[in-house]
Amino acid sequence: TPVKINQDCNVFVSELSPGTVGQPLPVASGRQAYMLCVEGEVNLGGGKAMQQHDGCEVKGETKLEPTAGKAGALLLVFEMAATSDSRGKR
């Protein structure tokens, strides 16, 4: 059921079985995403991994493609318009 939050934000929940690759989530130019690993562990590629309670922020055009670790993973992703702060600069 959709939940209205009165913001320019999309919220995604992904529960991944061990070793499963999640559905890719594109982040468009001018957008950003926050990912929280609620349970388990996840590999984001390029040597980047997250464990339970880790979070990450990505800005700009990219694609999130999480792969669950040996215990699986439960992820929350918030995708929204990019902010103008200095975090996430490349």
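Aspartate 8 and arginine 31 form a salt bridge in which the closest N and O atoms are 2.8 Å apart. Because aspartate 8 lies in the segment before strand E1 (9-16) and arginine 31 in strand E3 (residues 31-45), the pair ties together parts that are 23 residues apart in sequence. The model is predicted, and the count for it comes to 2 salt bridges.

**The second salt bridge and the network**
- The side chains of glutamate 79 and arginine 31 also meet in a salt bridge, at 2.6 Å from N to O, and this pair links distant parts of the chain, with glutamate 79 in strand E7 and arginine 31 in strand E3, 48 residues apart.
- Through salt bridges that share partners, Asp8, Arg31 and Glu79 are joined into one network.

**Surroundings of glutamate 79**
- Glutamate 79 belongs to strand E7, which covers residues 67-81.
- The side chain of glutamate 79 makes a polar contact of 2.6 Å with the side chain of asparagine 10, and a polar contact of 2.6 Å also joins the side chains of glutamate 79 and arginine 31.
- When neighbours within four places in sequence are left aside, glutamate 79 is in contact with Asp8, Cys9, Asn10, Phe12, Arg31, Gln32 and Ala33.

Conventions
Residues are numbered from 1 along each chain as its sequence is written. This is a predicted model: local features need pLDDT of at least 70, side-chain atom pairs count only at pLDDT 80 or more; totals for chains, interfaces and linings use all residues. Side-chain values use heavy atoms; hydrogens and water are left out. Helices (H or I, at least four residues) and strands (E, at least two) are DSSP runs, numbered from the N terminus. A polar contact is a pair of N or O atoms within 3.5 Å; within protein, one must be able to donate a hydrogen and the other to accept it, and residues adjacent in sequence count only if both atoms are side-chain atoms. Contact means heavy atoms within 4.5 Å. A salt bridge is a side-chain nitrogen of Lys or Arg within 4 Å of a carboxyl oxygen of Asp or Glu.
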